[in-house]
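User: I'd like to learn how to read a few features in a structure like this one. Could you take me through them?

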Amino acid sequence: MIKSGIQHFFSCSGVVKPNEQDGTIPPARELYQDAFHIAWPSVLESVLVTMISFVDTMMVGVLGPEAISAVGITAQPRLIMLAVILSFNVGVTAVVSRRKGAEDYEGANHCLKQCVLLSTIMSLVLSVLGIVFARPLLLFAGAGNDIIADSVDYFRIIMIGLFFNGIGLTINGAQRGVGNTKISMQTNLSANVVNVIFNYFLINGAWIFPRLEVRGAAIATTLGNLVALLLAVVSITHRDGILNILHSSASWLPDKRTMKSVWNVGLSALVEQVCMRVGFFLYAKIVSSLGTTAFATHQICLNVLNISFGFGDGLQIASTSLVGQRLGAKRKDLAKLAVAVNQRIGLVISTILVIIFVLGRHVILRLFTTDPQIIEQGGVLMIIMAFTIHAQICQVITSGSLRGAGDTKYTALVSLISIGVLRPLIAYLLCYPLGLGLDGAWYALVIDQFTRLILVMIRFRRGKWTALVL
C-alpha cells in the first residue's frame, strides 16, 4: 500500500515506475526528512555564499554606482579563476558520496587527503596568476577608466582570499559527499559574519580602522575566507567524524584509481565550468558596454537573482549527495525519488521568492542605492527576473543530480550550448541591433534558463545516468 502510494505520488514527474523497484521504499515522510536533513544546511550555506557578494555590493553602494561597478566587474574573472577548483570539487563530492554509500570510509578519507593536497597546490597557483594578471583581465572584462583602479585593487586582494577559499571548498565538497552539509553551512555563516563586521569597519572607516572603500570590502571578504578555511580544517580532525585526516591511516599520496575517478567527473565538470564562465564573462562584457549606471543596475539585480540561485544550489547539493549515496548502495529507485523530493521543495521555495521579488522589488533595490534611475530600471528587471526563478531552481537541481551520478559530460554540453553560445549571442542581438538595452540582456537570461531546463530534463527522464559507474 505504501509503495503504491509513493509511486502514485511521484508519477506526475515520471520518476518511478513499478518495474524499476529493486527493494522496499521508505514512507514519503522519511524521504522528505532525509532530503530536508541534507538540504536545509546546504540551502542556508549557498544563500550565505551568495550573500557575501550581496553584502559587499550593498555596503559599497553608499560610495556610488562606480564603486558598485568596480566590485561587480570582478565577479566573473574571479569565478573563471575558481573554475578549476569548483569543477574538481564536483568530482570530490561524487566519489566521496559513492564511497560512503558503499560504506568504504577508508576510501572516502583517502580521496579527501589526496584532493586537499592537490587543491592546495591549485589554489596557490590560481591566486598568484590572478594577482599578476589582474589589470589586463579586468580591462578585457570591460572595466572603464572610471573604475579600473578600484577594480584592480579589489581583485588583487580577493585573489589572496581565493587561496583560502579553494582549499575550504574542497573540504566542504567532501563533507557534502558524506551528507555532512552542516559543516559547510557553519563555515560560511562564520565567513559572512566576519565579512559584514569588517565591511563596516573598513569601507567607510570606523573606530580605529582607516577608510579603505572598495579595498576594505575586499579585505573583509578575504578575512572571511580565512576563517571559513580554519573551521573547515577543524571539521576533518574530529575523532568521531567519517572524514578524519588525523585518525585515518589512508595515505596522502595520490593513487591512480581515486584520481581517475575524481577527474573522470571533474574534467567534464571543468569543461562545463569553463563554458559557463566564458559565457557569463562575455555576457557581463556586453552589459558593461551599456555604461556604468546600467552595469550597476544589472549587478544589483544579479545579486538579488543569486539569492534564488542560492536556494537552488543548496537543493542541488542535497541531490548530488543523495544521488551519489543511493547509487553507491545500488538503489537507483531511491536516487530518482531523492531528486523528485528536492524538485518539489524547490517548487515551493521558487513560488515564495517570486512573490517577494515582485511585490518587494523597490524595497530590495533601496537596500543598495538611492539612485532613482537605478531603482526605476531595476524594478523592470526584477519583474523579468520573476519569470525565470522557477526554471532556474528546477534546472539547477536536475543538473546537480546528473553530476552526482557522474553524468558531467552532458551537463558540460548543455552549458556550452546555452551559456557559452546562446546567452551572449542573444544578449548582443537584443541589446544592440534590436535596441532593447539592458532589458534585452535579461530577456536573454530568461531564454538561457529555459533552454537549460528543457535539455537537462530530457536527459534525466531517459534515465541513463543511473547506470554510470565511478
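This is a predicted model: local features need pLDDT of at least 70, side-chain atom pairs count only at pLDDT 80 or more; totals for chains, interfaces and linings use all residues.

User: Which residues is Ile-73 in contact with, leaving aside its neighbours within four places in sequence?

Analyst: The contacts are Leu-138, Ala-141, Gly-142, Ala-143, Ile-147, Ser-151, Ser-288 and Phe-295. Lys-100 gives another view of position: 27 residues separate Ile-73 and Lys-100 in sequence, and their C-alpha atoms are 40 Å apart in space.

User: Now helix packing. What should I look at?

Analyst: Two packed helices are described by the angle between their axes and the distance between those axes. Here, take α11 (residues 292–328) and α12 (residues 332–359): their axes come within 9 Å and cross at roughly 170°. An angle over 145 degrees counts as roughly antiparallel, so α11 is roughly antiparallel to α12. On the α11 side the contact includes Val-304, Phe-311, Leu-315 and Leu-322, and on the α12 side it includes Leu-334, Ala-338, Ile-345 and Phe-357.

User: How many residues of each class does the contact of α11 with α12 have?

Analyst: There are 16 nonpolar, four polar and two charged residues in that contact.

User: And aromatic rings, how do I read those?

Analyst: A pair of aromatic rings is described by the distance of the centres and the angle of the planes. The search of the whole structure finds 10 aromatic pairs. One of them joins Phe-201 and Trp-207, 6.3 Å centre to centre with 40° between the planes, a tilted pair. Phe-201 counts as buried at 18% relative accessibility, whereas Trp-207 counts as exposed at 71%. Tyr-428 and Tyr-432 have ring centres 5.5 Å apart and planes at 40°, so this pair is tilted. Tyr-428 is partly exposed at 43%, and Tyr-432 is partly exposed at 33%.

User: Which residues do ring pairs link into a cluster?

Analyst: The cluster consists of Phe-198, Tyr-200, Phe-201, Trp-207 and Phe-209.

User: Finally, where in the protein is confidence lowest, and where is it highest?

Analyst: Helix α1 (residues 2–10) has the lowest confidence, with a mean of 39, and helix α17 (residues 437–462) the highest, at 95. For residues 1–22 the pLDDT is below 50, and this stretch has 39 contacts in the model beyond near neighbours in sequence. The mean pLDDT of the protein is 85, with 94% of its residues at 70 or more.

Definitions and conventions:
Residues are numbered from 1 along each chain as its sequence is written. Side-chain values use heavy atoms; hydrogens and water are left out. Axes are lines fitted to C-alpha atoms, for helices over the stretch in contact, and angles run from 0 to 180 degrees between N-to-C directions. Helices (H or I, at least four residues) and strands (E, at least two) are DSSP runs, numbered from the N terminus. Angles under 35 degrees count as roughly parallel, over 145 as roughly antiparallel, 65 to 115 as roughly perpendicular and the rest as oblique. Contact means heavy atoms within 4.5 Å. Ala, Val, Leu, Ile, Met, Phe, Trp, Tyr, Cys and Pro count as nonpolar, Asp, Glu, Lys and Arg as charged, and the others, Gly among them, as polar. pLDDT is the predictor's confidence in each residue, from 0 to 100. Rings of Phe, Tyr and Trp (its six-membered ring) pair if their centres lie within 6.5 Å; planes under 30 degrees apart count as stacked, over 60 as edge-to-face and the rest as tilted. Buried means under 20% relative accessible area, exposed over 50%, partly exposed in between (1.4 Å probe, protein chains only).
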